[in-house]
Amino acid sequence: MAITQRRGCRSYITILHQRWGKRESAIAVAGFAAVLLTFSFILSSDSSSSDRFSGTGTDGFVPLTFLSNAVQRGACNCLDGSVPAYHFQKGFGYGSRRWVLHIEGGGWCNTVASCTFRKTTALGSSKYMDHQVLFSGILSGDQSHNPDFYNWNKVKIRYCDGASFTGHPESERNNDTKLFFRGQLIWEAMMDELLSIGLSNAQEALLSGCSAGGLATLIHCDDFREILPKDARVKCLSDAGFFLNEQDVAGNATIQSFYHDVVHLQGTAGSLKQDCVAKMEPSKCFFPQNFVKSINTPVFFVNPTYDFWQIKNILVPRSADPRGHWHNCHLNIRNCSPEQIEVLQGFRNSFLKALSELQQMKDVGMFINSCYIHCQTWISETWHGPYSPKINNKTIAESVGDWFFERKVSKHIDCPYPCNPTCYHMDFTLHRR
């Protein structure tokens with residue numbers, strides 16, 4: 001399984017480099033490859049660890065469900081016009097009126113060309129989505145892997161709009177390629193359908209997401225709170241969704257330029273925090289650091305300060321490293337020179353500075369570790385287990401549970417790399433064989 005996924009990711013990236021320019025292929029779908037590579041890495045990171053993960057097979061496969069109300073709404077489409085979809089597993093016992101939703105990640109598309117290619121993949125069309133997916137990590141039905149949420153109603157929301165569920169159809173007139181920019185409408189239709197199958201009676205609910213899905217979680221967090229019963233406990237969890245607005249090592253605003261293109265291509269301003277949009281250019285309101293303080297719903301942040309996606313696409317994109325001085329460092333953080341580690345520590349400091357005010361907020365929780373990884377909540381091995389990443393002897397799942405159920409204050413910030421021996425560090429040299 002892991003070998004097949006690695007080959008699939010490699011061939012996918014090769015196709016992108018052939019069809020797009022370096023900047024587009026480096027950012028627009030890197031999140032998709034990152035998620036798959038993380039998953040395959042953890043399953044096959046080294047032969048000596050195979051005995052650690054013997055319980056993984058107890059997690060269940062869950063079938064794909066197409067939105068039944070998409071046709072009735074008349075305007076709810078993936079990039080290619082196909083019907084959006086999700087996976088749903090019914091809760092039981094104590095969890096029958098409790099819900100955890102997880103929004104899939106997978107980068108963004110910022111041009112007609114990149115969105116046109118994206119619609120030929122599962123990130124732009126439900127035609128290519130797997131008919132069954134494995135529920136693991138925060139969606140696991142195994143109590144030993146997911147002690148607080150194992151028996152809840154669980155939903156994986158598939159991501160097929162390319163703009164973190166913020167696109168608006170008014171922007172479609174700017175292209176003549178039959179692309180549908182309807183992420184906001186997908187979000188609304190998805191919530192309507194979930195409400196109709198039981199979410200409207202929720203006593204407790206947690207909206208979560210990974211990467212671009214983590215960003216979507218933050219953008220729609222208060223909307224999610226608004227549609228649920230007033231007496232329900234409702235909170236949000238963003239995993240690797242806190243993308244920094246930082247210049248790259250060459251002094252270029254690479255990620256800001258990219259987000260500007262996403263926001264203007266898909267007309268997302270109407271979905272962003274309006275108090276933020278009133279103060280600054282809308283694309284800057286795609287960066288969590290500029291709007292999270294105005295989120296009224298309790299939020300938990302799971303993020304590595306050495307997020308490999310951000311290091312590869314924000315801090316040191318290919319355009320900023322034409323001679324490949326960072327190539328080996330990108331492949332494995334252990335290959336980084338002392339000078340490169342110093343640059344990474346500076347990025348970590350910027351990350352912690354962006355979080356500093358949030359640390360003082362009562363309803364905010366966080367698990368900020370020092371691992372070279374991206375997305376850690378949807379995989380059982382990094383979510384909760386004897387060999388999971390820990391801070392203060394707490395796994396991510398335990399930290400999130402403490403915060404959600406208000407058992408204790410849960411704000412965990414790791415010491416700098418390489419201090420934490422429990423970390424999983426991605427080694428991309430494994431995926432070049």
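This report looks at one pair of packed helices and some aromatic ring pairs in a predicted model.

Residues are numbered from 1 along each chain as its sequence is written. Because the model is predicted, local features need pLDDT of at least 70 and side-chain atom pairs count only at pLDDT 80 or more, while totals for chains, interfaces and linings use all residues; side-chain values use heavy atoms, with hydrogens and water left out.

**Two helices**

Let's start with α6 (residues 183-196) and α7 (residues 212-227), whose axes come within 12 Å and cross at roughly 30 degrees. Axes here are lines fitted to C-alpha atoms, for helices over the stretch in contact, and angles run from 0 to 180 degrees between N-to-C directions. Helices are DSSP runs (H or I, at least four residues), and strands are too (E, at least two), numbered from the N terminus. That angle makes α6 roughly parallel to α7 (angles under 35 degrees count as roughly parallel). On the α6 side, Q184, W187, M191 and L195 meet H220, D223, F224 and I227 of α7, where contact means heavy atoms within 4.5 Å.

**Ring pairs**

The whole structure holds 24 aromatic pairs. Rings of Phe, Tyr and Trp (its six-membered ring) pair if their centres lie within 6.5 Å; planes under 30 degrees apart count as stacked, over 60 as edge-to-face and the rest as tilted. Here are two of them:

| Pair | Centres | Planes | Type |
|---|---|---|---|
| F149 and F405 | 6.0 Å | 25 degrees | stacked |
| W152 and F404 | 5.7 Å | 70 degrees | edge-to-face |

F149 sits in the loop between β4 and β5 and F405 in the loop between α14 and β10, so their pair ties together parts 256 residues apart in sequence. F149 is buried at 0% relative accessible area (buried means under 20%, with a 1.4 Å probe and protein chains only), and F405 is buried at 17%.

How values were computed: Angles under 35 degrees count as roughly parallel, over 145 as roughly antiparallel, 65 to 115 as roughly perpendicular and the rest as oblique. Buried means under 20% relative accessible area, exposed over 50%, partly exposed in between (1.4 Å probe, protein chains only).
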